[in-house]
Amino acid sequence: MPELGVLIEKPGFIENYTQFENLKYLAQINNTINDKDIKAALETVGLDPDNNEKVKNFSLGMRQRLAIAQAIMEKQAYFAYKPYCR
């Protein structure tokens, strides 16, 4: 299925990078996403694009929002997410 994004419960990111640095790193794979797109995706999910905190300090919820921002930034046509229920 083209342009399908899937979010696992505990998404992995580079721990010592900020949220912006992580998305910038991923954006360089396709080289079609600019800084403005990254910041807009972060704002869409309620994350402050100017937050310079390292991802290693993020809660699970913040990591999941960052993963959703990644899907938004990459313009996924379909996105599957099933939260884990305890």
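This is a predicted model: local features need pLDDT of at least 70, side-chain atom pairs count only at pLDDT 80 or more; totals for chains, interfaces and linings use all residues.
Residues are numbered from 1 along each chain as its sequence is written, and side-chain values use heavy atoms, with hydrogens and water left out.

**View 1. Lys24 and Asp35 meet in a salt bridge.** The N to O distance here is 2.5 Å; a salt bridge is a side-chain nitrogen of Lys or Arg within 4 Å of a carboxyl oxygen of Asp or Glu. Lys24 sits in helix α1 and Asp35 in helix α2 (residues 35-44), so the pair links distant parts of the chain, 11 residues apart. Helices (H or I, at least four residues) and strands (E, at least two) are DSSP runs, numbered from the N terminus. Asp35 is partly exposed too, at 33% relative accessibility. For these labels, buried means under 20% relative accessible area, exposed over 50%, and partly exposed in between (1.4 Å probe, protein chains only).

**View 2. Glu15 forms a salt bridge with Arg63.** Their closest N and O atoms are 2.9 Å apart. Because Glu15 lies in the loop between β1 (4-7) and α1 (19-30) and Arg63 in helix α3 (residues 60-73), the pair ties together parts that are 48 residues apart in sequence. Arg63 is buried, with a relative accessible area of 9%, whereas Glu15 is partly exposed at 33%. The count of salt bridges comes to two.

**View 3. Helix α1 packs against α3.** The angle is about 35° and the axes are 11 Å apart; axes are lines fitted to C-alpha atoms, for helices over the stretch in contact, and angles run from 0 to 180 degrees between N-to-C directions. On the α1 side you will find Gln19, Leu23, Leu26 and Ala27, which meet Leu66, Ala69, Gln70 and Met73 of α3 (contact means heavy atoms within 4.5 Å). These residues divide into six nonpolar, two polar and no charged.

**View 4. Tyr17 and Tyr25 form an edge-to-face pair.** Their ring centres are 6.3 Å apart and their planes stand at 80°. Rings of Phe, Tyr and Trp (its six-membered ring) pair if their centres lie within 6.5 Å; planes under 30 degrees apart count as stacked, over 60 as edge-to-face and the rest as tilted. Tyr17 is partly exposed at 32% relative accessibility, and Tyr25 is partly exposed at 45%.

Key:
Ala, Val, Leu, Ile, Met, Phe, Trp, Tyr, Cys and Pro count as nonpolar, Asp, Glu, Lys and Arg as charged, and the others, Gly among them, as polar.
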